[in-house]
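I opened the model to look up surface and packing. My notes follow.

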Amino acid sequence: MRSSKLSLKPIFPYLLATFFVVGAVANLLALGGAAEDYARWGYPRRFNFVPGSLELATALLLLRGRTRVWGAVLGALIMACAGATVLLNGEPGRVLAPSIVLAMCVLAGLLHDGARTVGSVQEEARP
């Protein structure tokens, strides 16, 4: 009898992309006091659109096999900046969440197996 193992590897990038979509929406719509936080940290007015747009780009990159590593790198950079922002502004209690997501981005990059896509298979088939 064959045992079945549940693997998160195939769905992990999609779960991470979902997190970044939620973050993008929260930033783009300035939900939960995002705009006030950025103002308190000294960022210019409407700065929330910058991380919101980058988070949306991260999510889109994570969804495609060919761009997944780039999505993981961009997501890790965003989370590193988020962690640095809260630390530099004397809010060490808020660094845990971006640190965990940064680690998840690194893991997503390491788990990426260079998934073959239709385009890459076609290129290999050419003489």
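I looked for a nonpolar surface patch and found one made of Leu8, Ile11, Tyr14, Leu15, Val21, Val25, Leu29, Leu31, Leu56, Leu60 and Leu63, with about 970 Å² of accessible area together. This is a predicted model: local features need pLDDT of at least 70, side-chain atom pairs count only at pLDDT 80 or more, and totals for chains, interfaces and linings use all residues. Residues are numbered from 1 along each chain as its sequence is written, and side-chain values use heavy atoms, without hydrogens or water.

Patch residues have over 30% relative accessible area and no salt bridge, with nonpolar side chains (Val, Leu, Ile, Met, Phe, Trp, Tyr) joined within 5 Å. A salt bridge is a Lys or Arg side-chain nitrogen within 4 Å of an Asp or Glu carboxyl oxygen. Areas are Shrake-Rupley values with a 1.4 Å probe.

I checked which helices (DSSP H or I, at least four residues) contribute. α1 and α3 (49-63) each supply at least two patch residues. α1 gives the largest share, 4 residues. Leu63 is found in α3. Leu63 counts as partly exposed because its relative accessibility is 38% (buried is under 20%, exposed over 50%, partly exposed in between).

Next I turned to α5. Helix α5 (residues 96-111) has 16 residues and reaches 22 Å from first to last C-alpha, close to the 22 Å expected at 1.5 Å a residue (1.5 Å times one less than the residue count). I noted Pro98, Val101, Cys105 and Ala108 as the buried residues of α5. They lie on the same side of α5 because they cover an arc of only 75 degrees around the axis, taken from the axis-to-C-beta directions. They pack against α1 (12-28) and α4 (68-88), contact being heavy atoms within 4.5 Å. The face turned away from that buried side carries exposed Leu96 and Leu110.

Conventions:
Buried < 20%, exposed > 50% of the residue type's maximum accessible area, 1.4 Å probe, protein only. Patch = residues over 30% accessible without salt bridge, like charges linked within 9 Å, V, L, I, M, F, W, Y side chains within 5 Å.
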